[in-house]
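Trainee: I have the sequence and the coordinates open. Could we go through the terms used for this structure and check each one against its values?

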Amino acid sequence: MDKEKNILIIGNNAAASAICKKLYTIDNVGKIFVAPGLCLKSDKFTSVDIREEDLTGLLKFAIENDIYLTIPTSAKALKADVVSFFQTNGQRIFGPTKEACNIALNNNLGKKFLYKIHAQTSKFGIFDKLQQAEEYLRTSNFPVTIKCSEYNHLDDMLVCPTVTIAREFLDKLFSQNETNILIEDFTYGHNFTIYYITDGYSAIPISINANYKFMEDGDGGIYTNGMGCFTPDYKISETIKSRVGNIIINTLKALDKKGSPYVGILGIECTITGEDKFYVNEFKPFLQDYDASAVLNSIDDDLIKIFTACVEGFFSDEYEQIAQNNLSSVSALVYSRQNNQIIKGLENIEDIENIDFINIKESSDDKFITQKGNSFVLTRCASTITRAKNYLYEDLEQIKFNGMKYRKDIGLN
């Protein structure tokens, strides 16, 4: 029997929770450590009190605990270039270097990169002065999306239906000393993401998700990174899949030419604009909170072997496809408008493992308490999207707390 493999996951998000639960089911996986740790305790992992950007502390822990493979899910860790640091010190790590994943971490660099490789993307401009940005708005087609170069908060991005709202948002961003603001035409249509596992040279798709980006039902309210998804996305044609695959290959070739091959999970988010037509919106550097469990539910292969093959350079030799099942999944992100609210009804959920907690506290009397912002992601899978959706909303109806917010139309269209 092979020696058990200890795993270190870097992150404290729903994606870290989802990958942790998935790896726990794999034979020969030993201890799973999560740094800086997840918000609730579990017998599936051990939380480690080391900050995501504390590269020296993380490396020391990995060496002392005989970590076989490290998996960064955290944007902070990737921005700190934990991958290059671990590689330089002889540690096996599955993820992209900072140089490789800048196209996914920085909206401006990603948009410029899409333009450079001739991917179809919306018209855009990048501005470091308010006057220049306001001048650009005079000839823009509304609505427009205004984004900071990096997502740090929910209000770092806004879809603006009018020039007045756009100017007010620009005033706010520039008054906060934000620079290099991205303005792009908002693209109407069906939003989806295709995720790939790649060794930097070849790429295999693992999931096609339909995305729900607006906070309100029917695509209203605030535009977010994601409020939920369903997978597989039956609306994506074979033609679109093939064309997105070509964009991924062109992306990998361009990054390799720069000397920065992308190793890891790479997502490409797009919007359908017509029959077999789409725009590319942006890249994703790993699975996102709102879709991580949905993606992983569909994979039946040994992810540790796959990740190791990517890191050690024999992925393209050993894998032509990744084993998948026929399950469908639907996920909803639950948002809390208030702090310190007691969550009721979790005990009524058939399987608490369907929840990936993001920002929840546990009181001394074993009650779950909210913090304002993203609270958790609930995912259900079944043989069809309709069944998964029904199970999801049956569970969500059991959960109650003041200020609870989630979309009620995921999987309905």
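Trainee: Which residues of the largest nonpolar core touch the most other members?

Mentor: This is a predicted model, so every value here is computed from it. The largest nonpolar core has 47 residues, and those touching the most other members are Leu8, Val82, Phe192, Val244, Ile268, Val280 and Phe283. Helix α9 (residues 238-257) gives the most to this core, with six residues. Apart from this core lies another, of 38 residues, among them Val34, Leu287, Ile299 and Phe307.

Trainee: What does Phe283 touch, leaving out residues up to four places away in sequence?

Mentor: The contacts of Phe283 are Ile103, Ala104, Gly110, Phe113, Leu114, Thr251, Leu266, Gly267 and Ile268. As background, nonpolar side chains tend to be buried together in soluble globular proteins.

Trainee: Why is Phe61 called buried?

Mentor: Buried means under 20% relative accessible area. Phe61 has 14%, so the word applies. Phe61 sits in helix α2. With neighbours within four places in sequence left aside, Phe61 is in contact with Leu8, Phe33, Val48, Ile50 and Ile67.

Trainee: What is said about phi in Asp66 and in His118?

Mentor: Asp66 has a positive phi of about 50° although it is not a glycine. Asp66 lies in the loop between α2 and β4. His118, also a residue other than glycine, has a positive phi near 65°, and its place is the loop between α6 (107-116) and β5. Most residues other than glycine have a negative phi.

Trainee: Which peptide bonds are called cis, and what is omega there?

Mentor: The bond from Ala35 to Pro36 is cis, with omega near 5°, and Pro36 is found in strand β2. The bond joining Phe142 and Pro143 is cis, with omega about 5°. Pro143 lies in the loop between α7 and β6.

Trainee: How do you know that the span of helix α8 is close to what is expected?

Mentor: Helix α8 (residues 163-175) has 13 residues, and the expected span at 1.5 Å a residue is 18 Å. From first C-alpha to last, α8 reaches 18 Å.

Trainee: Why are the buried residues of α8 said to line one face?

Mentor: The buried residues are Ala166, Phe169, Leu170, Leu173 and Phe174. Seen down the axis of α8, they fall within an arc of 130°, so they line one face of the helix. The face turned away from the buried side carries the exposed residues Glu168 and Ser175. Among the elements covering the buried residues are β5 (124-127), α7 (130-137) and β8 (181-185).

Trainee: Why are β3 and β4 placed at the edges of their sheet?

Mentor: The open sheet has four strands in the order β3-β2-β1-β4, with parallel pairing. β3 (46-47) and β4 (67-72) each have a single partner strand, so one side of each is without a neighbour in the sheet.

Trainee: What makes β1 and β4 a pair?

Mentor: Two strands pair if at least two bridges are found between them. Strand β1 (residues 5-11) and β4 are joined by five bridges and run parallel. Ile7 stands opposite Leu69 in β4. Helix α11 (residues 303-312) packs on the sheet, touching β1, β2 and β4, and its direction makes about 85° with that of β4.

Trainee: Why is strand β11 called mostly covered?

Mentor: Nine of the twelve residues in β11 (residues 220-231) are buried.

Trainee: What are the partner strands of β11, and how do they run?

Mentor: Five bridges join β11 to strand β10 (residues 203-216), antiparallel. Ala210 stands opposite Phe230 in β11. Four bridges join β11 to strand β14 (residues 328-336), also in the antiparallel sense. In β14, Ser329 is the bridge partner of Thr231.

How values were computed:
Residues are numbered from 1 along each chain as its sequence is written. This is a predicted model: local features need pLDDT of at least 70, side-chain atom pairs count only at pLDDT 80 or more; totals for chains, interfaces and linings use all residues. Side-chain values use heavy atoms; hydrogens and water are left out. Buried means under 20% relative accessible area, exposed over 50%, partly exposed in between (1.4 Å probe, protein chains only). Helices (H or I, at least four residues) and strands (E, at least two) are DSSP runs, numbered from the N terminus. The expected span of a helix is 1.5 Å times one less than its number of residues. The arc is that of the directions from the helix axis to the C-beta atoms. Contact means heavy atoms within 4.5 Å. Axes are lines fitted to C-alpha atoms, for helices over the stretch in contact, and angles run from 0 to 180 degrees between N-to-C directions. A nonpolar core is a set of buried Ala, Val, Leu, Ile, Met, Phe, Trp, Tyr and Cys residues joined through side-chain atoms within 4.5 Å.
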